[in-house]
Amino acid sequence: MATEPILAALDIAAVRRRRGLMRSDVLSGYWSLTKPEVNFLIAVTAGAGFWMGAPASLAHYFPWTSLLHTLVGTVLVASGAATLNQLIEVRFDAQMRRTARRPLVSRKIGQSQALCFGISLSVIGAIYLAVTTNALASLLSIFTLLAYLFLYTPVKRKTPLCTLIGALPGAMPPLIGWAAACGRLDGDAWLLFAVVFLWQFPHFMAIAWIYREDYARAGYLVLPAGKSKDRFVAWQTLLPSLALLGVVLVPAIRGESGIVYFAGAVLLGSAFLCCSARFAFRMSIASARQLLFASILYLPVLLALLALDRK
């Protein structure tokens, strides 16, 4: 019949369309495995470390190519760590609403493919850093990967102090950036480490409170059980926020940054501390979301001010 070729062509087009959608779905799954929203903050902190660690003699010739290499290598390792972390935690992610749609849980990506993908990204990223920057930056990235996967990941199911332990690898990106810029770690590099380290406590306490039922359902001990929970969250939020306000003023006190950074650090730190205090005393979902939003804005803006107003 005359209509048969037309129907056959439509069937072929439909099959091709389905294949295209499947490919797109798989690609989006791999992209999701890398946790791009987390990688943004990692890139920001690593970039700040590189910018601040670049030798003063290069003031009129900034090594933009080296900065790009640093960001690419660091993000590759971080993406590998994120992928392998989801592989380790896939059965627990399946029990949480916020992670139930992750690619491994929904089986968009197979576990063997995720293992190869995660290992490949990690190895390529570490080698890339070693070749394009230096061995110290590469070794720091490897340490971060191992600490995240084999220290922080399992301890989340054992003790609420996991936030303290996880904040160590979480604060490593500025050290990687600094090491990539000058091949060593100075005192100012550890100051950046301290800023990111302290920032993580109120940031994660807000997340832990919003999703506390999810975490409990999956068996994560990110918060203690019983009456001590509120007090634990309050102290883990307030004390680091207060300490952070003092630490971020050190560059201005030393004369290493100007009045713009000083004013910005005071305003940002005070606003962040207010959000932390509101959450610590109210313990509501609304105040937790406000703190989470404030924390996401706070870190990149502060680091941008520090980088642009240094002397």
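Apart from neighbours within four places in sequence, Gly 177 is in contact with Ala 46, Gly 49, Phe 50 and Thr 70, where contact means heavy atoms within 4.5 Å. This is a predicted model, in which local features need pLDDT of at least 70 and side-chain atom pairs count only at pLDDT 80 or more, while totals for chains, interfaces and linings use all residues. Residues are numbered from 1 along each chain as its sequence is written, and side-chain values use heavy atoms, with hydrogens and water left out.

**Gly 177**

- Gly 177 lies in helix 8 (residues 173-182); helices are DSSP runs (H or I, at least four residues), numbered from the N terminus.
- Gly 177 is buried, with a relative accessible area of 0%; buried means under 20% relative accessible area, with a 1.4 Å probe and protein chains only.
- Between Gly 177 and Arg 102 there are 75 residues in sequence and 30 Å in space, C-alpha to C-alpha.

**Helices 6 and 7**

- Helix 6 (residues 135-155) packs with helix 7 (residues 162-170) at an angle of about 170°, and their axes are 9 Å apart. Axes are lines fitted to C-alpha atoms over the stretch in contact, and angles run from 0 to 180 degrees between N-to-C directions.
- The two helices are therefore roughly antiparallel to each other, a term for angles over 145 degrees.
- Helix 6 contributes Thr 144, Ala 147, Tyr 148, Leu 151, Tyr 152 and Val 155 to the contact, and helix 7 contributes Cys 162, Ile 165, Gly 166 and Pro 169.

**Nonpolar cores**

- The largest nonpolar core has 73 residues, of which Phe 204, Val 222, Leu 223, Val 233, Leu 244, Val 248 and Phe 279 touch the most other members. A nonpolar core is a set of buried Ala, Val, Leu, Ile, Met, Phe, Trp, Tyr and Cys residues joined through side-chain atoms within 4.5 Å.
- Helix 9 (residues 187-210) supplies the largest share of this core, 17 residues.
- A second, separate core of 6 residues includes Leu 33, Leu 87, Leu 104 and Ala 114.

**Helix 13**

- Helix 13 (residues 259-282) has 24 residues and reaches 34 Å from its first C-alpha to its last, close to the expected 34 Å; the expected span is 1.5 Å times one less than the number of residues.
- Among the buried residues of helix 13 are Tyr 261, Phe 272, Leu 273 and Phe 279.
- The cover over the buried residues of helix 13 includes helix 9, helix 11 (228-247), helix 12 (250-253) and helix 14 (285-308).

Key:
Parallel < 35°, antiparallel > 145°, perpendicular 65-115°, else oblique. Buried < 20%, exposed > 50% of the residue type's maximum accessible area, 1.4 Å probe, protein only.
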